[in-house]
Amino acid sequence: MKFKDVFFSREERYSIGIETETARYYLSIPVTNHMIDYEEYYEISESEYNIFLSNPVMAVDFAKQCKRREKDDLLIVKPGALRGVAS
């Protein structure tokens, strides 16, 4: 999978982009565990993608839900046994 960020918010700690091999849209958040820092990618619809890009404030609530693990059903890559926490 090749994730290409189109927008990121340093302040709110999320990014929006496209997975180029499947053309799926995503919002990602940074995650860390005791071994590595990485990103979790949550699939979003094309409509959400366009809304979030045109008005990034709209993405903040979605990102917060991801950080609280309330959107795990949308994870593009399922986490392993050593799943980190949002950073």
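**Entry 1: confidence**

I looked up the confidence first: the chain averages a pLDDT of 95, and 100% of the residues score at least 70. pLDDT is the predictor's confidence in each residue, on a scale from 0 to 100. I noted that this is a predicted model, where local features need pLDDT of at least 70 and side-chain atom pairs count only at pLDDT 80 or more, while totals for chains, interfaces and linings use all residues. Residues are numbered from 1 along each chain as its sequence is written, and side-chain values use heavy atoms, with hydrogens and water left out.

Confidence is lowest in strand 5 (residues 85–86), with a mean of 91, and highest in strand 2 (residues 14–19), at 98. Helices (H or I, at least four residues) and strands (E, at least two) are DSSP runs, numbered from the N terminus.

**Entry 2: Y42**

I picked Y42, which is found in strand 4 (residues 37–44). Is Y42 buried or exposed? Y42 counts as buried because its relative accessibility is 0%. The cut-offs are under 20% relative accessible area for buried, over 50% for exposed, and partly exposed in between (1.4 Å probe, protein chains only).

I then listed contacts (heavy atoms within 4.5 Å). Leaving aside neighbours within four places in sequence, Y42 touches several residues, among them Y25, Y26, F62, C66, K71 and R83. Y42 and K71 are 29 residues apart in sequence, and their C-alpha atoms are 7.5 Å apart. The side chains of Y42 and R83 are joined by a polar contact of 3.5 Å. A polar contact is a pair of N or O atoms within 3.5 Å; within protein, one must be able to donate a hydrogen and the other to accept it, and residues adjacent in sequence count only if both atoms are side-chain atoms.

**Entry 3: aromatic rings**

How many aromatic pairs does the structure hold? I found six aromatic pairs. In the pair of Y25 and Y49, the ring centres are 4.4 Å apart and the planes are at 40°, so this pair is tilted. Y25 is in strand 3 (residues 24–32) and Y49 in helix 1 (residues 46–54), 24 residues apart, and the pair links distant parts of the chain. Rings of Phe, Tyr and Trp (its six-membered ring) pair if their centres lie within 6.5 Å; planes under 30 degrees apart count as stacked, over 60 as edge-to-face and the rest as tilted. Y25 counts as buried at 18% relative accessibility, and Y49 is buried with a relative accessible area of 9%.

Y26 and Y41 form an edge-to-face pair, 5.1 Å centre to centre with 85° between the planes. Y26 lies in strand 3 and Y41 in strand 4, so the pair ties together parts that are 15 residues apart in sequence. Y26 is buried at 0% relative accessible area, and Y41 counts as buried at 15% relative accessibility. Ring pairs link F3, Y26 and Y41 into a cluster.

**Entry 4: helix 2**

Which residues of helix 2 (residues 57–67) are buried? I wrote down A59, V60, F62, A63, Q65 and C66. The buried residues of helix 2 pack against strand 2, strand 3, strand 4 and helix 1. Just after helix 2, R69 takes a positive phi of about 65°.
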